[in-house]
Structures are given as structure tokens and as C-alpha cells.
Amino acid sequence: MSFDPHRIPLDRAAAIALRERGLEYRLLDAKDTDALTRWVRADFRGFHQARPHAGELDAQRRVFGERRLQGVYDPASADPDFPVATVSGWPTGLSMPGGRSIDAWAVSSVTVAPTHRRRGIARALMEAELANARAAGAAVAVLTATEATIYGRFGYAPAARAATLEIDRSRVHWTGRDAPGRCHLVEPASLAADAPAVARRAVARTAGEIDRWPGLLDHVLGLVDPESESARHIRAVRYDDERGQAQGFATYRVRREPDRPGVLEVGFFAAATDDAERAMWRVLCEHDFITRVRAPLRSVDEPISWLVEDPRAISFHEVGDHLWVRVLDPVAALAGRRFGGPGSLVLEVRDPLGHAAGSFEVEADGEGRPEVRRLDGADAATASSGRRNRRQHGIGLGVQELGSILLGGVRPTTLGRAGRISEHARGSLALADRLFAAEREPLLSIWF
Ligand SMILES: CC(C)(COP(=O)(O)OP(=O)(O)OC[C@H]1O[C@@H](n2cnc3c(N)ncnc32)[C@H](O)[C@@H]1OP(=O)(O)O)[C@@H](O)C(=O)NCCC(=O)NCCS
């Protein structure tokens with residue numbers, strides 16, 4: 001989405017709600033270094049992180065300078081120019097089943113100082129972010145959550161799960177097919193040129209991934225502060241295909257006590273092809289002098305269990321919600337994905353905040369390519385009344401359920417069994433299962 005997020009005016013409703021509490025809602029000017037520095041410090045404090053050092057502040061200012069930042073200020077506080085609450089938002093692509101990307105609005109840095117909590121600040125900021133997302137033309141808003149009970153009230157729902165993968169090194173005997181290219185251990189800094197393109201292709205092939213921002217790759221490659229202890233521990237592997245083209249890279253570090261074998265912790269993993277994925281896992285698993293490989297934010301459907309003789313060498317931990325999606329424009333969101341086959345289904349969507357409410361018809365051809373239209377007037381009345389065409393399949397669901405099934409992360413029948421999606425005609429949920437099925441489990445492999 002080529003859209004300048006700074007152009008959106010400050011949300012009036014949020015400004016008024018906050019003013020009524022004696023607080024000031026401000027849009028930050030990215031060129032105001034002092035204000036930006038204080039905002040970054042407030043964000044770090046909100047997430048209980050150490051104070052950023054000079055190099056980190058520089059890097060954060062570069063990243064956040066590209067985003068739309070808002071702060072809430074309390075004129076009566078000890079430092080009236082230090083925000084008591086922060087939020088950031090920016091336009092990004094969200095990869096969809098079938099390989100396309102839709103316009104999304106990423107929300108992050110939601111913090112409220114403990115001195116100002118539970119008086120509706122986060123609510124004002126979150127509702128304003130939905131307005132910002134709509135002003136940016138985003139089909140959905142997306143976020144990752146520290147706690148799973150905060151964002152449902154704003155219409156967000158878990159859409160892609162992630163797991164921490166643990167591999168017991170002593171039980172790994174590789175039986176997977178060899179990849180035609182080869183892996184190289186490389187200096188992380190040497191990846192700077194290839195990493196953006198590889199990461200872009202890796203993102204495009206996995207529904208649930210969002211666009212990587214340049215500062216993120218600098219961070220994972222240890223380029224922000226190369227002499228720091230953590231950066232010096234980063235190791236990297238690159239996979240080149242049989243033509244010598246880089247198709248994947250992964251970063252990792254080994255943590256260990258003196259004279260003891262270590263634990264290999266995978267940092268960033270980007271594979272643009274299945275070959276790259278297999279080959280890099282093999283190198284990571286076949287390190288000697290380690291007991292385990294630990295890889296956070298991996299797919300719950302990772303093929304690695306099928307690449308080793310003993311599938312019990314691989315275990316999945318901390319399986320849970322990771323990417324949260326809030327649908328704002330059902331037509332654009334649904335039209336952006338490939339469906340699992342042909343069929344016609346009406347979705348009657350409830351949305352207490354109004355953004356996504358309505359009746360929508362998805363008609364997918366034999367290749368799963370959809371046509372999506374909003375039903376209005378008589379069509380919508382028929383769809384939502386008892387006078388439905390018995391042959392017209394339809395489901396009734398809330399905006400959260402729509403967000404959860406959008407990428408194929410949960411089957412509509414599962415939500416039907418939970419009483420969260422109803423069907424208009426017998427077989428509508430089974431059809432929804434077939435339509436919303438995706439070629440692979442969605443995954444978001446970063447925090448943002
Ligand atoms: C989470 C946080 C931003 C909430 O801020 P807040 O200003 O106190 O929240 P509000 O007063 O606007 O509350 C909004 C609603 O969310 C609920 N809520 C707030 N924090 C919650 C939490 N931690 N868990 C569950 N519900 C929460 C409130 O009960 C309220 O519900 P209601 O409006 O339906 O009655 C704040 O506690 C915080 O900064 N936490 C640390 C950083 C963090 O975890 N940020 C989230 C990043 S993903």
C-alpha cells in the first residue's frame with residue numbers, strides 16, 4: 001500500500017474522549033527528534049524493556065519515523081511532554097491463501113502507563129486505529145497481542161497460530177530428501193543485500209505473514225549494534241539453489257554453559273522455497289555439541305516431523321494464537337484470497353462497531369477464484385429473513401469469526417460446533433469448510 005499514514009487527520013472522537021479526561025491526544029511529527037525519543041522511551045517502558053541505548057534509539061527512531069505514531073499526554077503529570085500512552089499504526093501487506101496480498105493496517109506499541117490505566121485510554125486509541133485503518137483503505141487491521149483478552153472487544157480475533165518447535169538433537173536422524181542446492185554458513189552482515197528479496201518471497205508464499213520493514217532485517221542480522229554481545233552471537237546460514245540464487249536464510253545462536261553442550265535457538269527463518277526450508281532445517285538440526293534446537297513462532301504444521309526417522313524427536317510447545325485479524329472491508333478481504341474450490345456462499349456478518357456488518361456473497365469458480373459482492377436491498381433482506389432460497393448456502397457469523405476463518409486457520413465447522421457460526425441450510429458449514437480451506441496452515445513468524 002503506497003499511502004502516507006501521516007496524512008490521516010487525528011481522530012476527533014478519540015481527541016474528545018481523551019480531552020474529557022484532561023488528556024491530550026497528539027500525532028507525532030517524525031522530524032521532531034525529542035518528541036520521537038520520548039515516545040520510544042515510553043513504548044519501551046510500557047513493554048517492561050530496558051531503557052534503549054543510543055544505538056538502539058537511533059534504529060528505533062528510523063523504524064518508527066516511517067509509522068504513524070500517536071501519544072497521549074497528561075498536562076498535570078511530572079513530565080507533561082512524556083507520553084502516558086502510545087500507539088503506532090502503518091500500512092502493510094498481509095499475505096493471503098493463493099499468494100496475493102491485501103492492504104492491511106498494522107497496529108502496535110499499545111501501551112498505557114500504570115498511573116493512567118483502566119480509564120478508557122486504550123479503548124480510545126484502539127477505536128481511533130480502526131478509523132485510521134479505514135481512512136488508509138485497509139481491508140483488515142492486524143496485530144500481535146501480549147494478552148489474549150484485550151482485543152476481542154474491538155473485533156480482532158486469532159487468525160494464525162504459532163508454536164515453539166523443539167528438536168531433540170540426539171534423536172535426529174535425517175531421512176528427508178536432499179535439496180538440489182546447498183547451504184553455506186555466512187557472516188550475517190553478508191546477507192544484507194539478499195535478505196530483503198528472499199524475505200519478500202518467503203512472506204508471499206505464507207498466508208498470515210506481513211511485509212518486513214527494513215529495520216527489522218537490520219535487527220535480526222545484528223547490524224543495529226554489531227559489537228554488542230547479542231549481535232556477536234548471531235550466526236547465519238544461507239541456502240542457494242542449483243543456479244546459485246539465494247532462496248533462504250536463517251539466523252541462530254547457540255547458548256551454552258562452559259564445557260556443556262548448548263541449545264541452538266533459531267532467530268529469523270525465511271525460506272522462499274520448500275527446498276530452502278528443508279535444507280536449512282537439516283543444517284540447524286545437524287549441529288554437533290548441542291542438545292536441542294528451539295525455534296519460536298513456527299507453524300503448527302511444520303513439515304520437519306516428516307523429515308527425520310524419529311518423529312518424536314520433534315515436539316511443539318506454546319501452541320497458541322499469534323496473528324490477530326480485524327476485518328474492516330469484507331469484500332476486499334474475501335476477494336483477496338483463493339478459495340478451496342468452487343461454490344457459492346452467503347455470509348451474514350454481525351459487527352457491533354459497524355465496520356464489517358452486512359451480507360456478502362462469495363462465488364468461487366473451479367479454481368477457487370472468487371467474486372465477492374455486498375448484498376443490499378432486497379437480496380440482503382432475503383438472505384437475512386426466513387424466506388431464504390433453500391438452495392442458497394449461507395452462514396451467520398460475527399466479525400471475529402470472519403477474521404478467524406479468513407486465512408484458513410480454523411475450520412468453520414469447528415466454530416459451528418462451538419456455537420459461534422450458524423448455518424442457513426444443511427451443508428452450508430461443510431461448504432464453508434471446503435471454501436475456506438487453504439493450501440497450508442497460515443503463519444506469522446515475527447512479532448510486531
Ligand atoms: C493493555 C493496556 C494497553 C490497557 O490499557 P487501559 O487504558 O488500561 O485500557 P482501557 O481502560 O481503555 O480498557 C479497555 C478495555 O480493555 C479491558 N482491558 C484493559 N486491559 C486489559 C488486560 N490487560 N486484560 C484484559 N482486559 C483488559 C478493560 O477492562 C476495558 O474493557 P471494557 O471497555 O470492555 O470495559 C495496558 O494495560 C498496558 O499498557 N499494558 C502493558 C502493555 C501491553 O500489554 N500492551 C498491549 C500490547 S499488545
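A polar contact is a pair of N or O atoms within 3.5 Å; within protein, one atom must be able to donate a hydrogen and the other to accept it, and residues adjacent in sequence count only if both atoms are side-chain atoms. The structure described here is a predicted model, in which local features need pLDDT of at least 70 and side-chain atom pairs count only at pLDDT 80 or more, while totals for chains, interfaces and linings use all residues. Residues are numbered from 1 along each chain as its sequence is written, and side-chain values use heavy atoms, with hydrogens and water left out.

**The ligand and its surroundings**

The ligand is surrounded by 20 residues, a residue being near when one of its heavy atoms lies within 4 Å. The closest are Val 110, Val 112, Arg 118, Arg 123 and Thr 146.

| Residue | Protein atom | Ligand atom | Distance |
|---|---|---|---|
| Val 110 | backbone N or O | nitrogen | 2.7 Å |
| Ile 121 | polar backbone atom | oxygen | 3.4 Å |
| Glu 147 | side-chain N or O | nitrogen | 3.2 Å |

Taken alone, the ligand exposes 890 Å², of which the protein buries 76%; accessible areas come from the Shrake-Rupley method with a 1.4 Å probe, and for residues only the protein chains shown count as cover. Strand β4 (101-112) and helix α4 (121-135) each supply at least two residues of the shell. Helices (H or I, at least four residues) and strands (E, at least two) are DSSP runs, numbered from the N terminus. By class, the shell holds eight nonpolar, six polar and six charged residues.

**The nonpolar cores**

A nonpolar core is a set of buried Ala, Val, Leu, Ile, Met, Phe, Trp, Tyr and Cys residues joined through side-chain atoms within 4.5 Å. Buried means under 20% relative accessible area, exposed over 50%, and partly exposed in between (1.4 Å probe, protein chains only). The largest core has 60 residues, and Leu 94, Val 140 and Val 142 have the most contacts inside it. Helix α13 gives this core its largest share, five residues. A second, separate core of 31 residues includes Val 84, Leu 125, Ala 136 and Phe 154.

Asp 433 lies in helix α13 (residues 428-436) and is buried, with a relative accessible area of 13%. Beyond neighbours within four places in sequence, Asp 433 is in contact (heavy atoms within 4.5 Å) with Arg 411, Pro 412 and Thr 413. Arg 169, in the loop between β6 (157-168) and β7 (182-186), is buried with a relative accessible area of 16%. Under the same exclusion of sequence neighbours, the contacts of Arg 169 include Cys 285, Glu 286 and Asp 288.

Technical notes: Nonpolar A, V, L, I, M, F, W, Y, C, P; charged D, E, K, R; others polar.
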